[in-house]
Amino acid sequence: MRIYSFISALSLGLAPGTVLAQTARPVAPADMTLTATAPAQQPDLAPTSEPDSTAVHAPSVQVTAPVSAQISASMSGQLEKFPLRDGDHFHKGDVLAEFRCGQQKATLAHAHAEYIKRRGLLDVQNKMKALGQWSVSDLRSAAADEQAANADLEMAGAVVAQCKVEAPFDGRVSNTTVHNYQYLSAGTPMLEILDDTSLELSMIVSSMELRHLQPGTPFKVHILETDATYPATVSRISGKVDPVSKTIKVYGKLTHPAPDLLPGMTGEAQFGQ
């Protein structure tokens, strides 16, 4: 063994007598201690309470008019009568707009005269048939002419009927876009009307509230514009839940008429009070 070490030392260029030591892993000093990092202590969180199913909720409410319409020009022509302004009240059958229709009325008068003429010729053919002095072709021709004249009369009457626009229900004007004596094309919007006698309350509530709501459920609504509270009841519930927001539309109606309310006013619904 000494001979092998001596030869190895000579081959490595070491001095004789040098002993090769075996390679060993380094050992950490005794004063170096390994410490494990402890996880940071989480702060104590206050226990969260479950939402109270009986808590009073106050969804936003908007006053709406379920019956409304935009009245457009039924024909091309110049306005001759446009009596209402924004905010005016009207009754069913009142004239909302009337066009200048001299030509259309003249066409109606001509169609009426032509019908009287054709009707008289048909009467003559019927009398001749009763006397036995008639022709089948003449009678059929007179009857066809009478039917054609009647169709022209109805068409002319329909055109004249478009000259006057009447209110389809009792209500109020909510907006006007034209003026009297203005020339309009067919289909031009003229005014917007609504029925302010049957207002509706519209709101969006959480779908989880459906267990407590049904048609007839009473609630109160506080309107911001009037700073007053009105009794109401749920009238209907939408047939679909929004799957993203988990909400549903709910509609209500006032228990008593409120003339001071207008469509577009907003407030809060108060349930469970």
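1. F90 and F169 are both buried, where buried means under 20% relative accessible area, exposed means over 50%, and partly exposed is in between (1.4 Å probe, protein chains only). Bear in mind that this is a predicted model, with local features needing pLDDT of at least 70, side-chain atom pairs counted only at pLDDT 80 or more, and totals for chains, interfaces and linings using all residues. Residues are numbered from 1 along each chain as its sequence is written, and side-chain values use heavy atoms, with hydrogens and water left out.

2. Searching the whole structure turns up 2 aromatic pairs. For F90 and F169, the pair is tilted, with 6.4 Å centre to centre and 45 degrees between the planes. The pair joins distant parts of the chain, 79 residues apart: F90 is in strand β4 (residues 89-90), while F169 is in the loop between β6 and β7 (171-176). On the cut-offs: rings of Phe, Tyr and Trp (its six-membered ring) pair if their centres lie within 6.5 Å, and planes under 30 degrees apart count as stacked, over 60 as edge-to-face and the rest as tilted.

3. Now the sheet. It is open, has 4 strands in the order β6-β5-β3-β8, and the pairing is antiparallel. At the edges sit β6 (164-166) and β8 (183-184), each pairing on one side only. Strands β3 (residues 77-81) and β5 (residues 95-99) share 2 bridges in the antiparallel sense, and K81 has E98 in β5 as its bridge partner. Strands pair here if DSSP finds at least two bridges between them; helices (H or I, at least four residues) and strands (E, at least two) are DSSP runs, numbered from the N terminus.

4. Helix α3 (residues 136-161) has 26 residues and reaches 38 Å from first C-alpha to last, close to the 38 Å expected at 1.5 Å a residue (expected span: 1.5 Å times one less than the number of residues). Its buried residues are L139, A142, E146, A149, L153, A156 and V160, and they pack against α2 (102-130) and β6. As a reminder, an α-helix has 3.6 residues a turn, so residues three or four places apart point the same way.

5. Why does E146 count as buried? Because its relative accessibility is 10%. Leaving aside neighbours within four places in sequence, E146 is in contact (heavy atoms within 4.5 Å) with Y115, R118, R119 and L122.

6. Finally, charges over rings (NZ of Lys or CZ of Arg within 6 Å of the ring centre and within 35 degrees of the ring normal). R236 lies over the face of Y251 at 3.9 Å from the ring centre, and K129 over that of W134 at 5.1 Å.
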